[in-house]
Amino acid sequence: MEGVDLSYLTENWREVWSLTIDHIVLSLLALAIALPIALVLGVIAARVDWLTAPVLTFVGFLYTIPSLAFLAFLIPSQGLGQRPAIIVLVTYSQVFLVRNIAAGLRGVDPTILEAASGVGMTRWQQLRKVWFPLALPVIIAGIRTALLTIISIAAVAAWINAGGLGDLLFRGIGRSYPAMILAGVIAIVALAIVTDLLLRFLERLTPLARAQRATGR
Amino acid sequence: MEGVSKIYPNTPRPAVNDVSLRIAPGELVALLGPSGCGKTTLLKMINRLYEPTSGKIWIDDTEVHDLKAPALRRRIGYVIQQTGLFPHLRIHDNIAVVPELLKWDKRRIEQRVDELLRLVGLPPEDYARRYPAQLSGGEQQRVGLARALAAEPTTMLMDEPFGALDAITRGRLQEELARIHRQFRQTILFVTHDIEEAVHLADKIVVMREGRVVQFDTPLEVVTRPANDFVADLVGAGDVLRRLSLVPVAAAVEPLSDGLAGTAPEISQGAFLRDALSRLVDSGADRLVVVDADGHPTGTLSLRGVQRAAAPPSMDDAGDAANPAAPAPAERG
């Protein structure tokens, strides 16, 4: 096939694999930092009515910053490498995480929460046993979108030497080496698809999703 | 159980205004009144879902604030209209919630859940592994009842437990509740706006209006001797058939006369005059024999007796009971 040159992928699969691992590590690191922040913001947005709109507007605004501009902006203060990349990834993922955490928690029927309180659960037990599990499918959907966004933006972050599969793209472009670019593209797309499937599967494992399947809804 | 006095100030008037009640252990008490009368607020202050602004509530000898709220609530069965079942948990796990919070051992929990499912008429082998959404409304409320009973509470609070059910299902569940109450003698407070439900189930009725208790008495007293126009309207002073459905046969029974037993149609002591009336009309007889739960005759009932008992209730102020639209006088003090 003309133009579909898989030679780089087949000949350098070890390198592609190791860049994929770097990409995954970078993405998961960003998610691991983003999630606790988003949980705090999301719970606040869900529980404090007057803060809902400001918090959601704020994280929405963060997402509108162009990614290259954001990366360039961080270079003077943060230099190059993974650190500024992670700052950018954490920032972008907030919108999906916070929005879904808040929506998931708000979507839980208040009478069920009152029942949880009424049977004698402490606040923490209510959150852990009832509120959070019922919001979980929506929260996982948010994590899925956030992680896909992180994976795609992490590729751009290779521009500031954050490593990962974006490396193949930028090096391939610099050296006018289409097979190298193609190897990067294929690996990134494959990673995104696998991530998507994995998290969709995880969504189906939540107790609420199981209950809904059993009910035939 | 001993309630003293609690005020719950709110705009523009207190939701519950200086209420004092003393409820005997083992009684089934209905909190009755129109929406917004404060009956649900009163109920929820007992398990501290709402905090009273002032006043104290005792259960046995414990003031409800002497315990932490979760510990208090685990000792009190709680049933709400919307069932409040946890949709992500199987029926078994829903019922096991309180025993698990109380850290019962597994074997004991298993046994208790089975026992409870049987008690509320849901065979465990068919129901334990299902999810709430797979059950009908009536079945869900049975599970709600089982969950409330799980840790063998001596006190139960029920907030319009049967309000969302159709008439037939409601009737069945009312019978179940009466049976469970006869068997275990918990102290039960239940909120309702349905006078028939209150009269048929309760040992005592608390009639509430605008945050105050207007009358606290047995169903018979409330129906035959309403404290004021408001209660009279509620028990249907202007509607004979309604009143007949609320007054028990016992209120109109006459001494047994010889030679009647065995010839006249029978009616149970626990039935209501409306049943008696339809039995009289239906059979063409002019007297019914009243029998107790074992079928022994205890008295007779005539059409005259029904008429007398159905006469409008005597009221202290002899107000115009046929005027239900009359605005109630403000009760401020």
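In chain B, residues 24 or more positions apart account for 65% of the contacts with a separation of 6 or more. The model is predicted. Chain B holds 14 helices and 13 strands, and of its 333 residues 45% count as buried.

Six strands of chain B form an open sheet in the order E6-E7-E8-E3-E9-E10, and the pairing in this sheet is mixed. Strand E6 (76-80) and strand E10 (212-217) of chain B each have a single partner strand and stand at the edges, so one side of each is left without a neighbour in the sheet. From one strand to the next, the twist averages 15°.

At the E6 end of the order, E6(B) pairs with E7(B) in the parallel sense, over five bridges. Within this pair, Ile80(B) is found opposite Asp159(B) of E7(B). The pairing of E7(B) with strand E8 (residues 187-192) of chain B is also parallel and also spans five bridges. There, Met156(B) has Ile188(B) in E8(B) as its bridge partner. At the other end of the order, strand E9 (residues 204-209) of chain B pairs with E10(B) over five bridges, here in the antiparallel sense. Ile205(B) has Asp217(B) in E10(B) as its bridge partner.

Strand E7 of chain B is mostly covered, with five of its five residues buried. In a regular strand the side chains alternate between the two faces of the sheet. In E7(B), Thr155(B), Leu157(B) and Asp159(B) point one way, while Met156(B) and Met158(B) point the other way; all are buried. Helix H7 (residues 137-149) of chain B lies across E6 and strand E7 (155-159) of chain B, and runs at about 165° to E6(B).

A further open sheet in chain B has three strands, in the order E11-E12-E13, with mixed pairing. Its edges are strand E11 (266-268) and strand E13 (297-302) of chain B; each has a single partner strand, so one side of each is left without a neighbour in the sheet. On average, neighbouring strands of this sheet are turned by 35° against each other, direction ignored. E11(B) and strand E12 (residues 287-291) of chain B run parallel and are joined by three bridges. In this pair, Ser268(B) is placed opposite Val291(B) of E12(B).

In chain A, helix H2 (residues 13-47) comprises 35 residues. The distance from its first C-alpha to its last is 49 Å, close to the 51 Å expected at 1.5 Å a residue. H2(A) has a kink of about 25° at Ala34(A), shortly before the proline Pro36(A). Ala34(A) is also one of the buried residues of the helix, which include Val16(A), Leu19(A), His23(A), Leu26(A), Ser27(A) and Ala30(A) as well as Ala38(A), Leu41(A), Gly42(A), Ala45(A) and Ala46(A). An α-helix has 3.6 residues a turn, so residues three or four places apart point the same way. The buried residues of H2(A) pack against helix H1 (7-11), helix H3 (49-63), helix H5 (82-106), H7, helix H8 (166-174) and helix H9 (178-205) of chain A.

Helix H7 of chain A also contains Ala135(A). Ala135(A) counts as buried because it has 25 C-beta neighbours inside 10 Å, where the cut-off is 20 or more. Apart from its neighbours within four places in sequence, Ala135(A) is in contact with Gly104(A), Leu105(A), Gly107(A) and Val108(A). Between the C-alpha atoms of Ala135(A) and Gln94(A), which are 41 residues apart along the chain, the separation is 17 Å.

Where the chains meet, 18 residues of chain A are in contact with 19 residues of chain B. On the side of chain A that touches chain B, at least two residues each are supplied by helix H6 (110-118), helix H7 (123-156) and helix H10 (207-215) of chain A. H6(A) supplies the largest share of that side, six residues. By residue class, the side of chain A that touches chain B divides into 11 nonpolar, six polar and one charged.

Terms used. Residues numbered from 1 in each chain as written. Chains lettered and ligands numbered in written order. Predicted model: local features only at pLDDT ≥ 70, side-chain atom pairs only at ≥ 80, totals over all residues. Helix = DSSP H or I, 4+ residues; strand = E, 2+ residues; numbered from the N terminus. Buried ≥ 20, exposed ≤ 12 C-beta atoms within 10 Å, placed from the backbone. Contact = placed C-beta atoms within 7 Å. Pairing = 2+ DSSP bridges. Axes fitted to C-alpha atoms, helices over the stretch in contact; angles between N-to-C directions. Nonpolar A, V, L, I, M, F, W, Y, C, P; charged D, E, K, R; others polar. Expected span 1.5 Å × (residues − 1). Bend = angle between axes of the 7 residues up to and from the residue.
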